Amino acid sequence: MRFLIIIFSVCFLTACQLTQQPETVKTVDMYNRDGDMVGTAKLSEDPKGVKIELKLEGLTPGFHGTHVHEIGECEAPDFKSAGNHLNPEKKKHGLLHPEGPHLGDLPNIEVDTSGKVDTELTVSDATLLKGKNSLTERGGTSLVITAEADDGMSQISGNSGERIICGEIKDKKGETDDQEPTDPTEKEKKK
Ligand SMILES: [Zn+2]
C-alpha cells in the first residue's frame, strides 16, 4: 500500500503533472511564399488576450495587414489553406467596422526601410488555453501577413491583398482534426 502511495505521489508531483501543464508560451515560425523562414512570432498568454511579439525581415517597407486565420495550415504559395479570419462570434471584418471586428483582426504592422519589423500585438480576448476563443484548439489557427494594409472596414478582409507570410499556431501534439472554412460563401475570391 505504501508503495502505491509513493508511486502515486511521484506521478502527481512530477511527470504526470508536467504533461498536463498547458502551453502558455509558444513560438511560431513564420514562412514566406517560397518556403523560407523569415522570422518568428512569440505568443504568450496575457490578461487581455494573447500577446504576439513579432519579428520579421525581408518584407516590402510600409504597412501590411496582419490577421489570425481559422485553420492551422500554411500551404505555400498562396496560404489559402489557412481559411478565413478567425471569427467565432460571426462579426463583420474590420477594427473600424461598427459590427466588427473578427477575433483575428489585428492592427497593420509597419515595416521599416530595411524590410524589418519588430513589434508587439495583442489578440484581444483570445487564449492559448481551452475555450471558444482558443488559438490552439480544434487543430489550431495561423498568423498571416498580407501584401497590402488592411483598411479596417472592407469585407471580408479589408482589401489587404495577397497572403505573403504565414505561421501555424498549434499544439506540438499535432491534432489531426479536419478543418473546413466556416462558410464556403465567405472564401476569398480568386484574383
Ligand atoms: Zn477580419
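1. Basis. The model is predicted, so local features are reported only at pLDDT of at least 70 and side-chain atom pairs only at pLDDT 80 or more, while totals for chains, interfaces and linings use all residues. Residues are numbered from 1 along each chain as its sequence is written.

2. Fold. The protein has two helices and eight strands, where helices (H or I, at least four residues) and strands (E, at least two) are DSSP runs numbered from the N terminus. Along the sequence the pattern reads α-α-β-β-β-β-β-β-β-β.

3. Sheet. The eight strands form an open, antiparallel sheet in the order β5-β4-β7-β8-β1-β2-β3-β6, two strands being paired if DSSP finds at least two bridges between them. Because β5 and β6 stand at the edges with a single partner strand each, one side of each is left without a neighbour in the sheet. For β6, pairing with β3 is antiparallel over eight bridges, and Lys51 stands opposite Thr122 of β6.

4. Val123. Beyond its neighbours within four places in sequence, Val123 is in contact (C-beta atoms, placed from the backbone, within 7 Å) with residues including Val50, Ile52, Leu106 and Leu135.

Note on methods:
Contact = placed C-beta atoms within 7 Å.
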